[in-house]
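Look over the chain shown here before reading on.

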Amino acid sequence: MTDVEHMKWWGWGVDGVGFHHEDKPGFAPFVLNAVGLDLATAEQAQQPAFDGLTLADPVAPAAFVAALAGIVGEDHVTTDAMERVVHTYGKSLRDLVRIRSNRIARAVDVVVYPADEAEVQKVVDAAVAQDAVLIPFGGGSNIAGSLEPIPGETRTVVSLDMGRMNRVLDIDTDSGLARIEAGALGPHLEAQLAAQGWTIGHFPDSFTHSTIGGWAATRSSGMQSDKYGDIAQIVRGIRVVRPSHDDRDGVLVIPAIPSASTGPSVREMIVGSEGRLGVITEITAQVHRVAELREIQAYFFPNWEAGLAAMQAISESDASPIITRVSDSRETGFSMATSKERHGMDAVLAEKVLPSIMRSKGWTLEDICLSFIGFEGSAQHVARQKKLVGAIVKKHGGMGVGTGPGVLYDQKKFDTPYLRDFLLDRGAAGDVSETAAPWSKLLPVYNAVVAAANAAYDEIGTKGWIMCHLSHSYHSGACLYFTFAFVGGEDMLAEYDVVKSAIQQAFVDNGGTISHHHGVGVEHSPWIEQDISPEGVAVMRGLFSAVDPGENFNPGKVVPASRERVS
Ligand SMILES: Cc1cc2nc3c(=O)[nH]c(=O)nc-3n(C[C@H](O)[C@H](O)[C@H](O)COP(=O)(O)OP(=O)(O)OC[C@H]3O[C@@H](n4cnc5c(N)ncnc54)[C@H](O)[C@@H]3O)c2cc1C
């Protein structure tokens, strides 16, 4: 069998790794206060049993499966139940709740693992000839419902897993352009680049389990986007396999040109297409020499408004940090609660000296906001950047506390995703919604979202939690990233819909977008018309139906499926 590894079928990450709070004394009291969940007495669900899942037989005509095996080899095509389940969902809260409660409306039927672009072309052609549905699969980490087949789909659904195509093919060292196969997971491609002194600089929180093809297909953004850009800027060239024609293959090639005025950008159409325009096989990415020095500095602000104003001022200044991030007071409280137990001088400084300095400045401790700002480059460059930022922070009433918390931030960033499974095991839902808005609208969006979430909690009659940070700064605005949680009742998904919908609606009603970097899938498509206007959706629909008239490529994502395919 193929040796491509996947995440747990029922949760985030790899088996044997999970979130623990025994070494974090502030965590249990925090959870009790935030959502009313007592971790000391909460019942803990058993790990779900795979045998307990009900899976319809695959719609997999033997001749078609044999044809696929003839292309990729017997070992690289399967209708195995576990493989089908792993390839059916991403890792959204909705996905995890459904899979844990045996609610699989429509699983994929066949999973195929091509080795190279030529095999992808043959699989695509075979799938279209069969009138099958083809869904490209990267790491399976999306949280927008971008992978699941349409529930009423009657045709064979093929999941095309890119996991065997994971190499950095070459680096143009003059231009800093690396050709990378689309199935390369973050750590794999970064290790291959690092071996030659390069980095892609794209580090989403899902980095360990997501691929460059998936990043491009969902318009992803990494935590260092202030310097390196979003994936839309990092992807310079792209190769996409589409159905072949009588006289030529179906490979769409966009060369890596720094900038071009060749009509509407086809590259931009592919970025964010979530598999609807074909299979991305290769990306030419802008890469950078690994910086001499990297530092994450922590700062505190007396309140959220001061923190936001400082981030805006930094974006307008000569400073060019790699990360600008500030948490609201609730997320600051969460960060403190997930810190490990402190000892000796460390404890004295954090628990006595620092609060006393803040009080002496007239700050209310419940209002303080923690900020991380990252710097990279030569020692001289970093020193100058820190000076520029330090002056802005001071002007906005904040203060620096050094690199200590920044080191912790770097260590924790890829572990936090395990927290959602920990909460679900104990009956609590936790999820995220993120948006971007102009600087002038950030505070109104923030206030409206918090009010909408709290109204939604009242509606479902539960004590809920919402917290936020600003990250990914641009000249005209920034991303606001909300995390929310509540203890589920009779029907956790119905309750989740109330809260999630209230938040998404507050985004569009107040000048934000429905997603800054998680994509659309089926989770956010109900708001796409409000986001880009009905005419914008008509243009998108026209594109999809013209280039995929048979709706063979991941139908129903980004814009809802055409009526006749929906059951
Ligand atoms: C805990 C957690 C943290 C996250 N943090 C971030 C974050 O910081 N930033 C961020 O941007 N996102 C984040 N995400 C969301 C997710 O990781 C991204 O959407 C990611 O880009 C998906 O990549 P993937 O390889 O897992 O794609 P998949 O989930 O496998 O697929 C996503 C979509 O892309 C399509 N696709 C995948 N590969 C190809 C291909 N080769 N050709 C064509 N279409 C393809 C699929 O068909 C599907 O529609 C997070 C998710 C989780 C669960």
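This is a predicted model: local features need pLDDT of at least 70, side-chain atom pairs count only at pLDDT 80 or more; totals for chains, interfaces and linings use all residues.

The domain assignment divides the chain into domain 1 (27–163), domain 2 (168–289) and domain 3 (293–413). Between the C-alpha centres of domain 1 and domain 2 there is a distance of 24 Å. Where these two domains meet, domain 1 contributes 16 residues to the contact and domain 2 contributes 23 residues. On the domain 1 side, the elements that supply two or more residues are α5 (117–129) and β3. Of these, α5 gives the most, with 6 residues. By class, that side of domain 1 comprises 7 nonpolar, 7 polar and 2 charged residues.

Domain 1 and domain 2 both give residues to the shell around the ligand, so the ligand lies between them. There are 38 residues around the ligand, and G138, P204, G213, G214 and G275 come nearest. Three elements each supply at least two residues of this shell, namely β3 (133–137), α7 (212–218) and β10 (279–286). The most comes from α7, with 5 residues. Sorted by class, the residues of the shell are 14 nonpolar, 20 polar and 4 charged.

The next topic is the interior. The largest nonpolar core has 140 residues, and the members that touch the most others are V112, A216, V449, A453 and L480. For A453, leaving aside residues up to four places away in sequence, the residues touched are G464, I466, F484, V499, A502 and I503.

Helix α1 shows how buried residues can be arranged on a single element. In α1 (residues 27–35), the residues F27, V31, A34 and V35 are buried. These four cover an arc of only 70° around the axis, which means that they sit on the same side of α1. The buried residues of α1 are covered by elements including α12 (329–337), β16 (428–438), β17 (464–473) and β18 (477–487). Just after α1 comes G36, which takes a positive phi of about 75°.

Definitions and conventions: Residues are numbered from 1 along each chain as its sequence is written. A residue is near a molecule or strand if its C-beta atom, placed from the backbone, lies within 6 Å of it. Ala, Val, Leu, Ile, Met, Phe, Trp, Tyr, Cys and Pro count as nonpolar, Asp, Glu, Lys and Arg as charged, and the others, Gly among them, as polar. Domain bounds come from an automatic or database domain assignment. Two residues are in contact if their C-beta atoms, placed from the backbone, lie within 7 Å. A nonpolar core is a set of buried Ala, Val, Leu, Ile, Met, Phe, Trp, Tyr and Cys residues joined through C-beta atoms within 7 Å. A residue is buried if 20 or more other C-beta atoms lie within 10 Å of its own, exposed if 12 or fewer, and partly exposed in between; C-beta atoms are placed from the backbone. The arc is that of the directions from the helix axis to the C-beta atoms.
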